[in-house]
Amino acid sequence: MADRLANRRTRFLIDSLALERPMHIVDVGANPFGARPDYDPLLSHGSAQLWGFEPNEKAFAELDSIKDESRTYLPYAVGAPGKARFYSHKISTLSSLYKFRRAAADFMGKGHWYKREITEIEVDLVALDDVDEIPSIDLLKMDVQGAELDVLTGGRTKLTEAIAVIPEVAFYQIYEGQPMLRDVDAELHEQGFVLHKILFQKPALLPSSQRKQLHPRLAASQSIDGDAVYIRNLEDKEAVSTEALKRLALAADTVFKSFDLCLMCLDELVRRDAVERRLPRIYVRKLPEELRIMEPAVEASS
Amino acid sequence: MAGVNAKRRAVLTEALQPSRVMRVCDVGANPLSDPPYKPLLEAQKCHVYGFEPNPEAFDDLQKAKSDHETYFQDAVGLPGDRTLYLHPWPGFSSLYPMDRAALKSIGKEKWIRPAKTQEVPLRPVTLDMLADLPPIDLLKMDLQGGELEVLRGGVGKLSEAVAVVTEVRFHRIYEGEPLFGDLDQELRRQGFKLHKFMFTKSVMMPHEHEDKVLRPRMTSQLLDGDAVYIRDSDWAETLSDDQLIYLALAADTVFDSPDMALLCLDILTGRNRLSAALADAYIATFPEHQLRKEEA
């Protein structure tokens with residue numbers, strides 16, 4: 001039900017905004033591990049083009065089998081260009097370009113994290129800016145276990161016009177030399193983005209003799225990592241193009257559910273005469289009921 | 001909820017007997033609500049060191065305080081001739097002036113009250129300069145951008161501290177104020193690591209349809225929050241019995257991480273300082289939802 005409403009709202013925005021070209025979405029570490037990515041509705045409605053990177057052969061083959069005109073998958077590992085060592089972990093979500101810290105696993109009671117095999121492989125990394133298949137990036141999503149910072153620094157040119165970046169950020173250092181939230185934050189500020197929100201924080205239950213008695217999530221206190229949303233700095237709106245504002249409105253609504261931000265962009269678009277005046281008013285009515293101050297029935301039908 | 005926490009806390013405060021009482025340092029005048037360590041203060045399980053530069057407020061505090069409170073008539077910061085921007089609303093005064101462009105972008109330009117903001121000359125002191133302040137075990141800070149200065153000027157007094165609870169800013173509201181990344185870096189330099197964010201505050205992005213939406217459910221822009229940092233070391237190897245007790249009490253009462261308190265109890269039990277039965281008694285007070293469901 002909520003999904004259908006969201007879908008209709010996305011559809012409405014796409015029709016009303018009339019983007020000049022599809023939004024360019026890049027997903028580094030595209031393996032969704034079974035989940036549907038948040039940007040998926042934009043692809044289904046033909047208003048976005050995805051380039052997904054997945055160096056893992058098996059995961060790549062799976063992704064490549066679902067490619068279509070709006071989805072392209074590339075088998076490259078993205079980072080600081082050149083040869084690098086990749087620590088392939090039996091628990092594939094832990095595989096990283098950084099070496100696993102046993103002390104971190106011990107502190108968080110994740111002994112099973114290092115009881116599994118870790119294979120070292122040599123990989124060739126490419127910088128985002130050197131990937132000719134991608135013309136430019138509007139929205140960048142990353143989940144690459146520590147490599148987020150290198151992806152960002154290697155993509156400064158293609159990210160010049162980007163409206164949002166969604167990196168996984170580390171609160172606890174689980175790899176040696178792993179860039180932390182503050183490092184990714186500094187680079188993104190440097191590139192003209194500001195932190196908008198943190199989508200979720202994954203906590204670990206600290207280990208004790210009593211751990212078997214405790215709920216692994218609801219009694220857990222130590223933050224490990226989470227997904228953050230950075231948006232283009234809007235202090236100087238004039239510096240943001242009309243097309244970029246449209247893309248930000250769409251991403252805010254559909255990808256990271258910041259309806260207030262979407263409205264702010266729509267207002268600015270109205271001010272610029274770039275969309276119909278009534279667009280924000282209609283948009284508000286399409287938001288979930290629990291977010292709205294309901295209008296009297298008479299008005300609602302007018 | 002408070003009842004549950006009070007029972008949980010009582011298990012610890014009755015059993016844990018440090019050789020001296022925990023020292024809590026609270027920097028940031030005029031708390032808007034009860035400080036999280038208040039139950040420990042009432043149970044006489046900590047001594048609080050606070051700061052109040054305003055002479056009248058300082059006198060009031062001196063009259064009302066218990067034996068477990070010490071107040072300094074100082075402002076904490078890096079020394080020099082400074083300006084305090086005294087805001088008409090409590091909790092907005094800062095050593096930094098408000099940043100108009102940053103506030104405007106989140107629709108909070110109205111927070112700037114130039115006519116009612118007084119500029120008060122100030123000569124702050126650092127924690128390390130205060131001869132009457134002993135080394136502290138837990139630091140709590142909320143001073144609108146001044147947190148980094150407190151840390152830089154408190155390296156000595158903080159060298160044995162087990163935890164720091166600090167306000168961190170994610171979106172700038174004062175000109176030139178240090179942000180989360182700056183604080184995080186300094187805290188790591190001093191041997192702490194991030195444990196968690198206690199709560200975060202978000203605001204609604206400005207738009208012209210605010211009469212049609214429920215503001216509390218439409219706040220997407222992260223503003224600030226309280227972060228908890230803990231000692232980054234192998235606790236079993238490096239923390240004294242007393243430090244483990246302070247960390248257990250702080251984890252339980254100040255930042256609500258009972259799993260961490262249990263970890264401290266384990267180490268103390270391993271040192272034969274506690275009975276293993278204490279952990280059971282502690283867990284017996286946990287609310288149902290924090291317990292793993294028994295297999296049927």
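The crossing of helices α8(A) and α9(A) is left-handed, a term applied if the near helix is turned anticlockwise from the far one by less than a right angle. In this predicted model, local features need pLDDT of at least 70 and side-chain atom pairs count only at pLDDT 80 or more, whereas totals for chains, interfaces and linings use all residues. Residues are numbered from 1 along each chain as its sequence is written, while chains are lettered from A and ligands numbered from 1 in the order in which they are written. Helix α8 (residues 242-254) and helix α9 (residues 259-271) of chain A pack at an angle of about 155 degrees, with their axes 8 Å apart, and α8(A) and α9(A) are therefore roughly antiparallel to each other, the description used for angles over 145 degrees.

In chain B, Cys25(B) lies in strand β1 (residues 22-27), strands being DSSP runs (E) of at least two residues and helices runs (H or I) of at least four. Cys25(B) is buried, with 29 other C-beta atoms within 10 Å; a residue counts as buried if 20 or more such atoms lie within 10 Å of its own C-beta atom, as exposed if 12 or fewer do, and as partly exposed in between.

How values were computed: Axes are lines fitted to C-alpha atoms, for helices over the stretch in contact, and angles run from 0 to 180 degrees between N-to-C directions. Angles under 35 degrees count as roughly parallel, over 145 as roughly antiparallel, 65 to 115 as roughly perpendicular and the rest as oblique.
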